[in-house]
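Visitor: Hi! Could you walk me through this protein?
Guide: Happy to, let's take a look together.

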Amino acid sequence: MAAAAKPGYTDYIMALKEPVTDATIEQAKSDIVAAGGEVTNVITLGLHAIVCSLPNDQIMAMDKKDYVDFMEQDREVHAFGV
């Protein structure tokens, strides 16, 4: 189980619009850090996405970036109601 975001932050999965280049990934990572966030993982197999922790007041601004397809709050899920 992943650690919870620190107070004032929320963990998100930021899916990137295709086609995704290395430059797109680096720009997204740079923008996350510039917004005061932290990159915790980069997904490049299948879906191109960045798992990050963002300050709550920066979530809408990041969601409006041209390279963002969608953002979803990262949370624990269970299969089959377990």
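This is a predicted model: local features need pLDDT of at least 70, side-chain atom pairs count only at pLDDT 80 or more; totals for chains, interfaces and linings use all residues.

Visitor: What average pLDDT does the protein chain get?
Guide: The chain averages 92, and 93% of the residues score at least 70. The pLDDT is the predictor's confidence in each residue, from 0 to 100.

Visitor: How far apart are the C-alpha atoms of Glu72 and Tyr12?
Guide: They are separated by 5.6 Å, although the two residues are 60 residues apart along the chain.

Visitor: And why does Glu72 count as partly exposed?
Guide: Because its relative accessibility is 45%. Buried means under 20% relative accessible area, exposed over 50%, and partly exposed in between, with a 1.4 Å probe and protein chains only.

Visitor: What about Phe70?
Guide: Phe70 also lies in strand β4, and it is partly exposed, with a relative accessible area of 37%. Not counting residues up to four places away in sequence, Phe70 touches Ile13, Met14, Ala15 and Asp63.

Visitor: Now the sheet. What order do the strands have?
Guide: The order is β2-β3-β1-β4, an open sheet of four strands with antiparallel pairing. Two strands pair if DSSP finds at least two bridges between them.

Visitor: Which strands stand at the edges?
Guide: Those are β2 and β4 (68-73), each with a single partner strand, so one side of each has no neighbour in the sheet. From one strand to the next, the twist averages 25°.

Visitor: How many bridges join β1 to β3?
Guide: Seven, and the two strands run antiparallel. Asp11 stands opposite Ser53 in β3, for example.

Visitor: And on the β2 side?
Guide: Five bridges join β2 to β3, again antiparallel. Ser53 in β3 is the bridge partner of Glu38, while Val42 stands opposite Ile50. The strands β2 and β3 form a hairpin with five residues between them, and Gly46 in the turn has a positive phi of about 80°.

Visitor: Is β3 mostly covered or open?
Guide: Mostly covered, as seven of its seven residues are buried. Ala49, Val51, Ser53 and Pro55 point one way from β3, and Ile50, Cys52 and Leu54 the other way. As a general rule, side chains in a regular strand alternate between the two faces of the sheet.

Visitor: Let's switch to α1. How many residues does it have?
Guide: Helix α1 (residues 22-34) has 13 residues. From first C-alpha to last it reaches 18 Å, close to the 18 Å expected at 1.5 Å a residue. That expected span is 1.5 Å times one less than the number of residues.

Visitor: Which residues of α1 are buried?
Guide: Thr24, Ile25, Ala28, Asp31 and Ile32. Seen down the axis of α1, they fall within an arc of 130°, so they line one face of the helix. The arc is that of the directions from the helix axis to the C-beta atoms.

Visitor: What covers them?
Guide: The cover includes β1 (9-16), β2 (38-43), β3 (49-55) and α2 (59-63). On the face turned away from the buried side, α1 carries the exposed residues Asp22, Ala23, Val33 and Ala34.

Visitor: How does α1 lie on the strands?
Guide: Helix α1 lies across β1, β2 and β3, running at about 15° to β3. Axes are lines fitted to C-alpha atoms, for helices over the stretch in contact, and angles run from 0 to 180 degrees between N-to-C directions.

Visitor: Last one: is Val77 buried or exposed?
Guide: Val77 is exposed, with a relative accessible area of 64%, and its place is in the segment after β4.

Technical notes. Residues are numbered from 1 along each chain as its sequence is written. Side-chain values use heavy atoms; hydrogens and water are left out. Contact means heavy atoms within 4.5 Å.
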